[in-house]
Amino acid sequence: MENSSPQNKLKHEQVQYIEFLSRDLARAKEFYTNSFGWSFTDYGPNYTAFEGDYVDGGFTTGEPIRGTVLVVLYSDDVEATKQKVINAGGIIVKDIFDFPGGKRFQFTDPDGYELAVWSL
């Protein structure tokens with residue numbers, strides 16, 4: 001896999017990161033490394049991030065259930081995007097918080113799907 005600059009992957013308000021639940025992070029890492037050549041960075045015992053050519057993501061420990069994938073969009077201005085989500089009828093379920101690498105919030109859309117938005 002060719003490593004591209006993380007900045008080259010960031011496009012305002014587009015899908016950029018996907019989070020999965022896994023019962024076994026080591027097994028998930030082995031599978032996706034062997035299948036797609038993804039590289040992984042561990043952030044403690046319960047979270048590992050992956051890097052692909054066009055999208056990044058992560059796995060956290062949990063019970064995989066259909067529908068539990070978290071789609072994460074990137075924003076140049078997380079506050080402005082949050083306000084747009086609220087104005088459009090989205091419900092904020094996790095207000096803006098800091099994490100290693102930036103900050104983000106999570107919301108549900110009118111159908112109840114939960115998504116996140118992050119920013120540097």
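This briefing describes salt bridges in the structure above. The model is predicted, so that local features need pLDDT of at least 70 and side-chain atom pairs count only at pLDDT 80 or more, while totals for chains, interfaces and linings use all residues. Residues are numbered from 1 along each chain as its sequence is written, and side-chain values use heavy atoms, with hydrogens and water left out. With a salt bridge taken as a side-chain nitrogen of Lys or Arg within 4 Å of a carboxyl oxygen of Asp or Glu, the count comes to 5.

**Helix α2 and the segment before β1**
- Lys 84 and Glu 13 form a salt bridge whose closest N and O atoms are 2.8 Å apart.
- Because Lys 84 lies in helix α2 (residues 78–87) and Glu 13 in the segment before β1 (14–22), the pair ties together parts that are 71 residues apart in sequence; helices (H or I, at least four residues) and strands (E, at least two) are DSSP runs, numbered from the N terminus.
- Lys 84 is partly exposed at 46% relative accessibility, and Glu 13 is partly exposed at 23%, where buried means under 20% relative accessible area, exposed over 50%, and partly exposed in between (1.4 Å probe, protein chains only).

**Strands β1 and β7**
- Glu 19 forms a salt bridge with Arg 104, the closest N and O atoms lying 3.1 Å apart.
- Since Glu 19 belongs to strand β1 and Arg 104 to strand β7 (residues 102–108), this pair ties together parts 85 residues apart in sequence.
- Glu 19 is buried at 12% relative accessibility, and Arg 104 is buried at 11%.
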